[in-house]
Amino acid sequence: MKLTLEERFRRRLTKFGKKNRLCRFLAVLALTAGMTAFHVASYFGGNVKRLSMMAMTLLIFAVYSSFSFPIFSSGEPAGNGLNSISEEAKDIVLAEEVVVDLDEMLKEEDELMSNEGGMPEDGDYLETHGDYYELYSASDILEAAGDRQGSANRDREDAETAAGDTEFSRDDWRLVLVNKQYSIPEDYNVTLGAIKTLKGTQYCDERIIDDYLDMLRAALEDNVELEITSPYRTQDYQKMLFNRKIKAYMKKGLSYMEAYQLAGQAVNVPGNSEHQIGLALDIVTPSYHKLTEGFAETDAGKWLEENSYKYGFILRYPKGKEYITGVEYEPWHFRYVGVEAATVITQRGITLEEFWEEL
């Protein structure tokens with residue numbers, strides 16, 4: 001009786017394994033791998049439908065797992081750009097035109113990397129090359145705002161007290177979740193409001209401006225000077241920041257994939273950044289321009305952590321919650337969610353992700 005290929009393979013490995021202990025170990029490994037291969041081949045052999053379904057499943061898995069990688073992204077995702085602009089801002093250059101030339105920025109980065117042997121960390125970059133991060137001091141913003149008093153007459157204590165009785169909804173624009181798992185919704189509309197300053201103009205969602213101004217005013221009353229950067233970013237600007245971070249890690253000897261993974265912990269993937277919906281602010285102080293953990297120890301960092309919720313802002317990426325947010329501790333990054341939600345989130349010491357999952 002003629003033996004099959006599988007039987008001959010098994011017999012030869014069995015005979016080989018009887019020679020000594022080392023051969024036995026190698027034979028077991030080879031037999032395991034071989035039998036697995038034979039069974040897979042037998043399962044799919046001659047069955048085109050099974051083979052096609054498996055190939056399609058693997059392809060879908062690969063694409064889904066890599067959805068945020070540059071190879072699968074092109075153009076401007078719907079909902080990530082400047083959808084509309086307030087009446088107040090119509091006489092001002094639109095946000096896309098405010099951003100400096102990206103090609104020129106990347107060219108300067110290459111020169112900097114060649115001269116200095118690598119890109120500096122984000123904090124050093126902000127301090128040394130402030131042109132890429134437009135800083136606006138609270139004093140300048142409030143002076144330019146003039147008579148605009150924000151919502152200073154709002155009874156914030158009542159709002160905080162009522163927070164526990166408020167019914168929250170995922171449909172609330174203030175609570176939209178944007179992170180590594182949730183991209184900016186395609187139908188999301190960003191209505192930008194312009195805040196003129198002595199140095200220029202910055203943009204954010206027009207609905208948060210009143211609370212934003214009140215927070216700056218309250219900080220100044222407590223002798224805390226804040227400086228605001230990156231309230232709103234375009235898709236192209238976010239791409240530039242992300243690619244720059246990848247390049248910095250690759251200059252340190254990491255592979256592209258390793259650099260990509262690390263970059264995603266420091267800079268959100270384009271299309272998954274809260275800055276692109278105008279609800280996030282990066283905040284520093286004149287004595288500390290670095291976007292590093294040290295900001296938490298400044299008077300400004302401490303004041304914001306204790307008081308920002310009163311004006312609808314939360315510390316978006318708190319320390320010890322990295323496993324939930326997927327982003328390293330950022331004491332400078334604050335997100336607007338409304339006074340009521342900010343009160344609940346801050347008092348309970350949870351993240352927006354945890355709060356959102358309960359809705």
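Tutor: Start with a cut-off. Buried means under 20% relative accessible area, exposed means over 50%, and partly exposed lies in between. Keep in mind that this model is predicted.

Student: How do I apply that to Glu340: is it buried or exposed?

Tutor: Glu340 has a relative accessible area of 16%, so it is buried. Now try Arg174. Its relative accessibility is 23%, so it counts as partly exposed.

Student: Which contact do the side chains of Arg174 and Glu340 make?

Tutor: General idea first. Side chains of opposite charge can pair when their charged atoms come close. Here, Arg174 and Glu340 meet in a salt bridge, at 3.8 Å from N to O. This pair links distant parts of the chain. Arg174 is in the loop between H8 and S3, while Glu340 is in helix H14 (residues 339-348), 166 residues apart.

Student: How many salt bridges does the structure hold?

Tutor: The total is eleven. Take Glu274 and Arg316, whose side chains form a salt bridge at 2.6 Å, N to O. They too link distant parts of the chain, 42 residues apart. Glu274 sits in the loop between helix H11 (256-266) and strand S6 (280-284), and Arg316 in strand S7.

Student: Are Glu274 and Arg316 buried or exposed?

Tutor: Both are buried.

Student: Which residues are linked with them in a network of salt bridges?

Tutor: Arg335 and Glu353 join Glu274 and Arg316 in that network.

Student: What does Lys321 form with Glu354?

Tutor: Another salt bridge, with the closest N and O atoms 3.3 Å apart. Lys321 lies in the loop between S7 and helix H13 (322-325), and Glu354 in helix H15, so the pair ties together parts 33 residues apart in sequence. Check their accessibility as before. Lys321 has a relative accessible area of 16%, so it is buried. Glu354, at 22%, is partly exposed.

Student: Now the rings. How many aromatic pairs does the count come to?

Tutor: To read a ring pair, take the distance between centres, then the angle between planes; an angle over 60 degrees counts as edge-to-face. The count here comes to seven aromatic pairs. One of them is Tyr182 with Trp356, 5.1 Å centre to centre. Their planes are 65° apart, so this pair is edge-to-face.

Student: Where do Tyr182 and Trp356 lie?

Tutor: Tyr182 is in the loop between helix H8 (156-162) and strand S3 (191-196). Trp356 is in helix H15 (residues 352-357). The pair therefore ties together parts that are 174 residues apart in sequence.

Student: How do Phe313 and Tyr336 pair?

Tutor: Edge-to-face, at 5.2 Å centre to centre and 70° between the planes. They link distant parts of the chain: Phe313 in strand S7 (residues 313-317) and Tyr336 in strand S8 (residues 330-336), 23 residues apart. Both residues are buried.

Student: Which residue forms one aromatic cluster with Phe313 and Tyr336?

Tutor: Trp173.

Student: One last feature. Which residues lie over the faces of Trp173 and Trp356?

Tutor: For this, look at where the charged group sits relative to the ring. Arg207 lies over the face of Trp173, 3.8 Å from the ring centre. Over the face of Trp356 lies Arg170, at 3.8 Å from the ring centre.

Methods: Residues are numbered from 1 along each chain as its sequence is written. This is a predicted model: local features need pLDDT of at least 70, side-chain atom pairs count only at pLDDT 80 or more; totals for chains, interfaces and linings use all residues. Side-chain values use heavy atoms; hydrogens and water are left out. Rings of Phe, Tyr and Trp (its six-membered ring) pair if their centres lie within 6.5 Å; planes under 30 degrees apart count as stacked, over 60 as edge-to-face and the rest as tilted. Helices (H or I, at least four residues) and strands (E, at least two) are DSSP runs, numbered from the N terminus. Buried means under 20% relative accessible area, exposed over 50%, partly exposed in between (1.4 Å probe, protein chains only). A charge sits over a ring if NZ of Lys or CZ of Arg is within 6 Å of the ring centre and within 35 degrees of the ring normal. A salt bridge is a side-chain nitrogen of Lys or Arg within 4 Å of a carboxyl oxygen of Asp or Glu.
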